[in-house]
Amino acid sequence: MTNLTQCPAQIVIDDLTERRLTHKQGAQLMQAPQSLEQAFSWQQAVAAQLASQGKPIIGWKSALPNEGRWGLAPMYQQYSGVTCPLPGNQATATVEPEFAWRLTRDLLPQGQPLGTETLRQAMQCHLAIEIIFDRFSQGENVDYYSRLADGLLNQGVWLGPAITDAPVRIPLLWKSENLQHSAVGVHPAGDAFAPVEWLVAFLHQRNIGLYTGQIIITGSLNGLWRLPVNQPVTIEYAELAIVEIEFASALNAA
């Protein structure tokens with residue numbers, strides 16, 4: 001139970017933590033952050049509370065800053081099997097096809113920025129699928145600072161096979177028993193590695209390190225996909241890989 005003698009910010013942080021743990025939607029925050037820095041500090045306070053409950057940061061969602069917005073959020077759940085669980089009862093799986101970079105060594109803050117080549121040598125590129133979940137019941141009516149504090153719709157990430165590098169353009173196809181969608185994937189930043197460099201510099205400036213095994217995703221190659229649940233889906237990333245996955249929802253659970 002929330003202690004009502006707590007400051008409003010702490011009540012909000014507790015609320016955001018609870019939504020993440022229980023996979024439940026809620027109303028707009030009783031107190032919204034008033035700046036990017038405040039939203040980020042609340043985001044990190046939530047991360048600290050989750051870590052204390054056995055859910056440490058397993059990676060980061062990153063995008064280049066745009067129109068006064070920071071595109072970063074910690075991630076807490078990683079999947080890799082043929083079955084990917086979804087939070088709660090969902091009729092479709094809301095996901096985004098992405099590239100991911102998995103750290104092969106620690107990247108700790110130091111006196112000067114790390115160069116592009118140093119960063120690339122410390123990471124392995126993978127195919128990935130971001131799992132999207134809105135923890136606000138008002139959808140688009142929620143202010144950006146609140147969304148930043150909450151984690152920018154990220155619920156987790158499915159990590160696919162390793163690849164040599166992220167191509168600029170890639171044909172994509174997903175198909176289920178009755179549905180099919182094809183497209184040409186193009187990274188929103190042009191260079192899919194650029195958001196990695198920005199994220200590492202941003203975190204190091206705030207004395208936050210990144211660690212071996214953590215992963216970084218950097219933006220959807222083809223917007224939002226709404227895929228069938230509780231049935232096999234085949235996803236083709238051109239000649240790079242073909243993966244079979246089933247997004248498991250509690251919707252049809254006995």
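Reader: Is Arg 206 buried, partly exposed or exposed?

Author: The model is a predicted one. Buried means under 20% relative accessible area and exposed means over 50%. Arg 206 has a relative accessible area of 27%, so Arg 206 is partly exposed.

Reader: Which side chain does Arg 206 meet in a salt bridge, and what does the pair tie together?

Author: The side chain of Arg 206 meets that of Glu 37, at 3.0 Å from N to O. Arg 206 lies in the loop between α5 and β10 (215-217), whereas Glu 37 belongs to helix α2, so the pair ties together parts that are 169 residues apart in sequence. Glu 37 is partly exposed, with a relative accessible area of 43%. The partner asked for is Glu 37.

Reader: Are Asp 134 and Arg 147 buried or exposed?

Author: These two residues form a salt bridge, with their closest N and O atoms 3.1 Å apart. Asp 134 lies in the loop between β6 and α4 and Arg 147 in helix α4, so the bridge ties together parts 13 residues apart in sequence. Both Asp 134 and Arg 147 are buried.

Reader: Which strands does the salt bridge of Glu 236 with Lys 175 tie together?

Author: The closest N and O atoms of Glu 236 and Lys 175 are 3.7 Å apart, and a salt bridge requires them to be within 4 Å. Lys 175 counts as partly exposed, at 31% relative accessibility. Since the two residues are 61 apart in sequence, the pair ties together strand β12 (residues 232-237) and strand β8 (residues 169-175).

Reader: Which element gives the most to the lining of the largest pocket?

Author: The largest pocket has a volume of about 940 Å³, and 34 residues line it, with Lys 61, Glu 96, Ile 132, Leu 152 and Leu 153 nearest its centre. The lining divides into 13 nonpolar, twelve polar and nine charged residues. With six residues, the element that gives the most to this lining is β1.

Reader: Where does the largest share of the lining of the second largest pocket come from?

Author: About 170 Å³ of space lies in the second largest pocket. Its lining holds six nonpolar residues, five polar and one charged, and includes Glu 197, Val 200 and His 204. The largest share, five residues, comes from helix α5 (residues 194-205).

Methods: Residues numbered from 1 in each chain as written. Predicted model: local features only at pLDDT ≥ 70, side-chain atom pairs only at ≥ 80, totals over all residues. Heavy atoms only, no water. 1 Å grid on protein atoms, 1.4 Å probe; cavity = no way out; pocket = protein on both sides within 12 Å on 5 of 7 lines; lining within 4 Å. Points joined across faces, edges and corners; volume = space filled by probe spheres on them. Helix = DSSP H or I, 4+ residues; strand = E, 2+ residues; numbered from the N terminus. Nonpolar A, V, L, I, M, F, W, Y, C, P; charged D, E, K, R; others polar. Buried < 20%, exposed > 50% of the residue type's maximum accessible area, 1.4 Å probe, protein only.
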